[in-house]
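Colleague: Please take a close look at one part of this model, the cavity. What lines it, and how is the lining made up?

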Amino acid sequence: MSCVHDHIKLLYDQQLYSNVVALSGLVLTVNDHASDSPLLPSRLQSYTCYAESLFQVGQYRKAERVYKKLQQIKKSVLKSKSGTTTNQNNKTQTQTSSPPSDIQRELVADIDIKYQLHLCQVQQRQHHAAMSTLQSIPAKQRSAKINMALGKLFHEQGNCRAAMGAYKEVLRECPLALEAAEGLLQLGMKGHEVNALMLDGTSSMNCQVDWLNNWIKAHAHLHSQEYTQAIQAFRHLEERTSLRENVNILVPLGESYYYYGDNSNAALVLQRAHAMEPLQRGLDILSCILAKERQMRELQRLVAPLQMATDLNGPETWIALAYSLFANGKHTKAAYFAQKACLVAPRHIEALLLKGQILLELKKHPEAVMHFREAQQICCHRYEPHKGLVDSYVAMHRFREALTIACSAVKQLGQTPRSLTLYASVLMKDPVSVPKAKTLLEKALQLDQLFLPAVYLLAELYEQEMTLELAIALLEKQVELRPTCKLHQMLGDLLARVHEEEKALDHYAIALNLDPNNRRALEGMHRIDNSSSKLDSTYYMPVGEEENTDTTYDAAGDVADSDNENEVDESDPEAAWSDLDIGMH
């Protein structure tokens, strides 16, 4: 029988894991029922090969059961060996303070089994069980691998103190464990403290890493919400060191731009990173920006390879697929993929924000508030959760709560253009507080004259106050600096109101050239054309005929509306996948 066990080991060494699973499932069952059980080392070897092969082929639940059975067998072996050792010590009357070397080896093997067992539980999203498995290993016997796994699990569950302790142990043993260092920075540890931990270890190894100080400094700025300093530090690493064109520098640089609110630069940097190494970190943020900016062609090009992928395990890929559907108006189907991302990573901030945005669009306001609130609790320094909560409360006409959230956003995020504009957008709902909103918007433009959301709202306020000259001057200045479809459309509306029809038509034409489906520009152009045709027709039309003429214009017929798919079952994956190829060809 031992010959069969040798063949199991041979198959495992050749990485024929599915063959190991097929053979071991039969052989080990025969062993369990045989009267002449084979030698214990052979059985342990076969169980180990069987369990690891099950893990390799993705049968995590079954692998977990086999690992637990392997643990039971090893426990019985340890008990029998320790009992034999005790009897021998009693007979020879010798005392020893350490266990025999073979028992030490068994203890090490048992730690490896627990680590593999935790991997099976993580794959099944049983994170609490995985933590318990690793915590059952005594602290003095935990290697850097085990401490790193514990640190990541503690971090995901929000146990900051325990996560920091685990990450520090990793750095003491492996000073250049960059993921552990970044984890400490994310949890609030100061950059100079992390730097000290890492440099102490590298100096003892006579290892000189010239870029390490700048790397720590850049990530320290990023996780301290000092985004302008982070952008400068990452750009220095990318432009003036040997780390040029490195994805691991470009992605956090793009994230820094995004968190600061500079979507255009964030998209450019992340697209560079994605072109070099597709499916990297930052895919979720890039898809979010492309969807917001309505860059549909680039979004579909980004998502196309994901439709062919078979290993969509990370939340970023599910989020990108969801944004593709969401941008095309497939809201219910997008919710299916957003929920998949939330299941894979329950505390993933981008997944929660996306799900909240979809629920807000579906007019499920209480559920949207719940998701935005959870995202705010995880990352209170991010602007998007505050914005989502304000939009949700405004949609429910609960302006007092919206005002409270907007005010707290200014306090938590500081007086940035985005926070000031968010606060002003809520103040505009009350005519009494409009002057204060105007002051906040002007202050936001002093901080960043190109911040378009503040420009749009301030132009709207000028229009409400009938100071059309100020609104036109503001928009004309912005059109020269950064022309957009909405700027041209708004400028066309204002010029039409002051009877400068030719200029208005020019701006409407530019707006439609940028976005052919802009309904407001289409309607404005039609109004001007219709009014001019009425004036011309008075020379030959009977008096009163123009009053009976139907001049309505249905712009909706030329604009693609969202699909009528609210009856689709959100849990049906086939229905969600079927619409992902929209616009691909």
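Modeller: A cavity here is a set of points, on a 1 Å grid over the protein atoms alone, where a 1.4 Å probe fits but cannot get out. Grid points are joined across faces, edges and corners, and a volume is the space filled by probe spheres set on the points. The model is predicted: local features need pLDDT of at least 70, side-chain atom pairs count only at pLDDT 80 or more, and totals for chains, interfaces and linings use all residues. Residues are numbered from 1 along each chain as its sequence is written, and side-chain values use heavy atoms, with hydrogens and water left out.

The structure holds one cavity of 30 Å³ or more. The largest cavity has a volume of about 60 Å³. Its lining consists of Val251, Leu270, Ala273, His274, Gln280, Arg281, Gly282, Leu283 and Leu286. Lining residues have an atom within 4 Å of a point.

Now the helices (DSSP runs of H or I, at least four residues, numbered from the N terminus). Both α14 (263-276) and α15 (283-292) supply at least two residues each of the lining of the largest cavity. The most comes from α14, with three residues.

Technical notes. 1 Å grid on protein atoms, 1.4 Å probe; cavity = no way out; pocket = protein on both sides within 12 Å on 5 of 7 lines; lining within 4 Å.
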